[in-house]
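Student: I would like a close look at one part of this model, with its surroundings worked through step by step. Please keep the account plain.

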Amino acid sequence: MKLDRKDKIEIFENAISWIVVFAMFFYGGGKIVQFDGASEIHKTVSEMTGMELMWAFYGYSKSYALTLGLFEIIGGTLILIKRTRIIGCLFTSTILVNVILQDIYFEVHLGALKAAILYQVLILMILWLNKDKVIQSIKALMNFNTPQQPKNKFIIKLVIAFICFVLLRITEYYITIKL
């Protein structure tokens with residue numbers, strides 16, 4: 001059996017995908033216990049390090065930490081399945097970018113930051129290996145074939161949309177502020 005270039009790329013893509021999947025399952029599952037007791041820090045906010053403050057925040061709500069863990073597991077699962085891999089990479093990127101920013105701004109251990117950056121780089125590599133599909137998807141999403149219409153009809157539709165916008169904003173105000 002001879003492996004051609006396409007086979008080797010597929011093997012490489014699977015290998016790096018599995019690294020990210022394993023990490024997402026590990027960190028996502030770890031959220032069950034990761035922040036236990038984290039909110040029981042006996043310091044004032046001004047005495048806490050950035051990492052202690054962040055951990056206290058996550059430790060305050062077990063359900064929030066579990067939700068984040070579930071999202072990490074969902075992202076890993078989407079990456080594991082070849083058919084949903086691109087969506088999984090995009091979904092997981094949103095999580096990892098948030099983790100990277102938190103690790104930077106809250107001065108979390110450098111190892112955690114390096115790991116998150118590594119996983120994000122691997123995701124970018126997966127997307128690069130699938131760049132034709134990614135480009136095709138972006139083009140499909142950006143393809144707005146709007147039929148030509150008379151200018152007065154276009155303006156009327158804009159005015160109606162603006163009126164709807166104003167009414168919805170007023171409704172939003174009453175729902176969020178007045179109630």
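Tutor: The model is predicted, and everything below is computed from it. The search of the whole structure returns 0 disulfides. A disulfide is a covalent bond between the sulfur atoms of two cysteines. Among the cysteines here, C89 is buried, because its relative accessibility is 0% and the cut-off for buried is under 20%. C164, at a relative accessible area of 39%, is partly exposed.

Now to α5 itself. The helix runs over residues 110-129, which makes 20 residues. The buried residues of α5 are L113, A115, A116, Y119, Q120, L122, I123, I126 and L127. Their cover includes four helices: α1 (5-30), α3 (62-80), α4 (85-105) and α6.

Start with α1. Two packed helices are described by the angle between their axes and the distance between the axes. For α1 and α5, the axes cross at roughly 145° and come within 10 Å. The crossing of α1 past α5 is left-handed. On the α5 side, the contact uses A115, Y119, L122, I123, M125, I126 and L129. Facing them in α1 are I9, F12, E13, I16, S17, I19, V20, A23, M24 and Y27.

Setting aside neighbours within four places in sequence, S17 is in contact with I126, R85 and I79. I126 is one of the buried residues of α5. I79 belongs to the α3 side of the contact between α3 and α1, and R85 is on the α4 side of the contact between α3 and α4.

α1 and α3 have axes 8 Å apart, at an angle of about 160°. Because that angle is over 145 degrees, α1 is roughly antiparallel to α3. Here too, α1 makes a left-handed crossing, this time past α3. From α1, the residues in this contact are S17, W18, V20, V21, M24, F25, Y27, G28 and G29; from α3, they are G69, E72, I73, G76, T77, I79 and L80.

The next pair is α3 with α4. Their axes cross at roughly 150° and come within 7 Å, so these two helices are roughly antiparallel. α3 passes α4 in a left-handed crossing. The α3 side of the contact consists of F71, E72, I74, G75, G76, L78, I79 and L80. The α4 side consists of R85, I87, G88, C89, F91, T92 and I95. C89, the buried cysteine, is thus placed in this contact.

The chain reaches α5 from α4 through a loop, and E107 sits in that loop. Most residues other than glycine have a negative phi, and most peptide bonds are trans. E107 is not a glycine, yet its phi is positive, near 50°. With a relative accessible area of 65%, E107 is exposed. Q102, a residue of α4, counts as buried at 17% relative accessibility, since that value is under 20%. Beyond its neighbours within four places in sequence, Q102 contacts M54, Y58, V108 and E107. The C-alpha atom of Q102 is 28 Å from that of V134, 32 residues away along the chain.

At the other end comes α6, which covers residues 131-142 and includes K131. K131 is partly exposed, as its relative accessible area is 34%.

To return to the request: α5 has buried residues including L113, Q120 and L127, and the elements covering its buried residues include α1, α3, α4 and α6.

Key: Residues are numbered from 1 along each chain as its sequence is written. This is a predicted model: local features need pLDDT of at least 70, side-chain atom pairs count only at pLDDT 80 or more; totals for chains, interfaces and linings use all residues. Side-chain values use heavy atoms; hydrogens and water are left out. A disulfide is a pair of cysteine sulfur atoms within 2.5 Å. Buried means under 20% relative accessible area, exposed over 50%, partly exposed in between (1.4 Å probe, protein chains only). The expected span of a helix is 1.5 Å times one less than its number of residues. Contact means heavy atoms within 4.5 Å. Axes are lines fitted to C-alpha atoms, for helices over the stretch in contact, and angles run from 0 to 180 degrees between N-to-C directions. Angles under 35 degrees count as roughly parallel, over 145 as roughly antiparallel, 65 to 115 as roughly perpendicular and the rest as oblique. A crossing is left-handed if the near helix is turned anticlockwise from the far one by less than a right angle, and right-handed if clockwise.
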